[in-house]
Amino acid sequence: MELKTLTYLVVGASFLVYIGIAVWSRAATTGDFYVAGKHVHPVANGMATAADWMSAASFISMAGLIAFLGYDGSVYLMGWTGGYVLLALLIAPYLRKFGKFTVPEFIGERYESRLARIVAVICLIFISFTYVAGQMRGVGIVFSRFLEVPIGIGLVVGMGIVFIYAVLGGMKGVTYTQIAQYCVLIFAYTVPAIFIALQLTGIPIPQLAFGSIVQGESIYFLQKLNQVVTELGFPEYTSGNKSKLDVFCITAALMVGTAGLPHVIVRFFTVRKVSDARLSAGWALLFIALLYLTAPAVGSMARLNLTQTIQTGAVGEPAGNLAYAERPDWFRTWEATGLLEFDDLNGDGRIQYYNDQNAEFAQQVSSYGWSGNELNVDPDIIVLANPEIAGLPQWVIALIAAGGIAAALSTAAGLLLVISSSVSHDLLKGVFAPNISERRELLAGRVSAAIAIGIAGFLGYYPPAFVAQVVAFAFGLAAASLFPVILLGIFSSRINKQGAIAGMLTGLVFTYGYIEFFKGLFLPWAGAPWSENIAANWLFGISPEGIGAVGMCLNFVVAIVVSRMTPPPSAEVRQLVEHIRYPRDFARE
Amino acid sequence: MTAQDARTRYWRANLRLVAVCLGIWFTVSFGFGILLVEPLNQIQIFGFDLGFWFAQQGSILCFVVLIFYYAWRMNRLDREHGVDED
């Protein structure tokens, strides 16, 4: 069967499953729609959380990023997993005990303030749209690369599928489709990884393979990789180039940001009880770790494969470089998509792939007749082309397409849901129409989910500059605005509304301002960016991606100082804080 | 001992447990994976430099174990102090 037909079949079959689940798990009440009726099993919720969490970027881009960053790529690995420890120990069980529907609702009640709730809704909507636009774009890209349809059509199909199960099923539908999507994506990710590990080292477990000896040689895999890349002027794979403080801050911002992202927190509202919320975070991280522990192995092995495909012999010998006419089939396939670009600078008909930014090495290679790096590699190719590079059967390639779409759709649905519930529950019921009936609120939730899907699709098709800055924006802002006030609201009964609002606004304005200062996303008409985005200009050498960690500290300090200077919160709030600390409901005794 | 005392003791025990777990969380990631990565890279375990291994594998494995350990210990604390849900 032709690859394209096979891909259509596999992707189509996965869609049928999602739609089937949506029809089976329609939401009947607002409780179903917002929190799946609060009776999801902890293992099931762990799996749904893992799919909710792992986005198109985790599935398609992360291994490639690590492949080309080496050690520095660790910020994503630690940053996007470590936050679950914070969630399990500091946030999820307490917010589950609070027992309401949304994150802004907690902030509003804990701080007795509609203003605080509205500020939280604004942060949430901004963070979630930044994030969801990237997912919709991811769906479009997978469609266009594997099925050769225009991005716009891929987007519309993706929007249609999410529409069916998010609008019909709400959180209940999203939860059960996410479980199916997790299974699709983890299978699609692991199968090629096992094959590539077997080919290189003879060991089928990728996590062990990249620490073992290369097949047919007597050298450890990572040593060999270091050797191969340094011979071409690249920095050593296992050592870092970023400043230590920057690595520290980016990791911290990603971890804390994860623990402050509303679409992740809200997943823990769906389990039956407090102890399930703790346990469920463990399952979630276990399911996430299956992919996150595989990604660095895939990245490093694919980097070696790719480099050795081009540099077939000794560096400097003319015959040591692959002749362009003899390039393998997968090379041709991915050239057509623009992910691989070859430009024969020295006109010798062979491909030279090396680090031409390394001045010393560039001097050395001029004697070989090389005149610059001739191959541009898009990091996404590491995952997308992996099965072809490893020579795997076609059904595996079709599976990668289904997996990428599953990763993007599951994350998109989770985000769209928190957007719609913050509109229907926090803004409509909480602020503008407190007396709205449950049926009308449910309808409002569905309508706002539908509108949010439309906006997300539009942002995915015409991505504004901020969409590419998910790491800096979504995580930085979640870390700097939401996380500190949630944490302080749980662990301190002294923090009041003045402190919380001042803290949130400080974290938000500082972090947003810093990112705008160097990246210029919304204010180009006012002359932004106001400074070149290079390490020499950064505050203490901290990049915009890591600045959320500083914003978080400012938020904490301001919230605590302002609260001390203003009157303590009411007795009801102190009771609320006491109430969420203990799993058992003492009020009912 | 009143019920209120028991609850206060429960909360203190929880905070102690959280502090220990977060100490380990910080040590394996920010400590071993970032701050101490160069000295640890002098040690080789199989084909891995130890610091690099902690940054890309070990820290994540520790996170998973930590959460399950915390969930297990908290269930016990809940029962011991009479604040469990069932």
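In chain B, 55% of the contacts with a separation of 6 or more join residues 24 or more positions apart; two residues are in contact if their C-beta atoms, placed from the backbone, lie within 7 Å. This is a predicted model, in which local features need pLDDT of at least 70, side-chain atom pairs count only at pLDDT 80 or more, and totals for chains, interfaces and linings use all residues. Residues are numbered from 1 along each chain as its sequence is written, while chains are lettered from A and ligands numbered from 1 in the order in which they are written.

Let me stay with chain B. Its elements number 3 helices and 2 strands, and from the N terminus on they run α-α-β-β-α. Helices (H or I, at least four residues) and strands (E, at least two) are DSSP runs, numbered from the N terminus. The radius of gyration of chain B, taken over C-alpha atoms, is 18 Å, well over the 12 Å that the globule rule gives for 86 residues, so the chain is more spread out than a compact globule. That rule is 2.2 Å times the number of residues to the power 0.38. Along its principal axes, the C-alpha trace of chain B spans about 55 × 20 × 15 Å.

How confident is the predictor in chain B? The mean pLDDT, a confidence for each residue from 0 to 100, is 91 in this chain, and 99% of its residues reach 70 or more. Confidence is lowest in strand E1 (residues 44–45) of chain B, at a mean of 86, and highest in H3(B), at 94. The model as a whole scores ipTM 0.96 and pTM 0.92.

I turn to the interface. Here 34 residues of chain B are in contact with 40 residues of chain A. On the chain B side, helix H1 (3–35), strand E2 (48–49) and helix H3 (50–80) of chain B are the elements that give two or more residues. The largest share, 16 residues, comes from H3(B).

Finally, chain A. An automatic or database assignment divides chain A into domain 1 (3–301 + 390–588) and domain 2 (302–382). Their centres, taken over C-alpha atoms, are separated by 36 Å. The contact takes 21 residues from domain 1 of chain A and 17 residues from domain 2 of chain A. H4(A) gives the most to the domain 1 side, with 7 residues.
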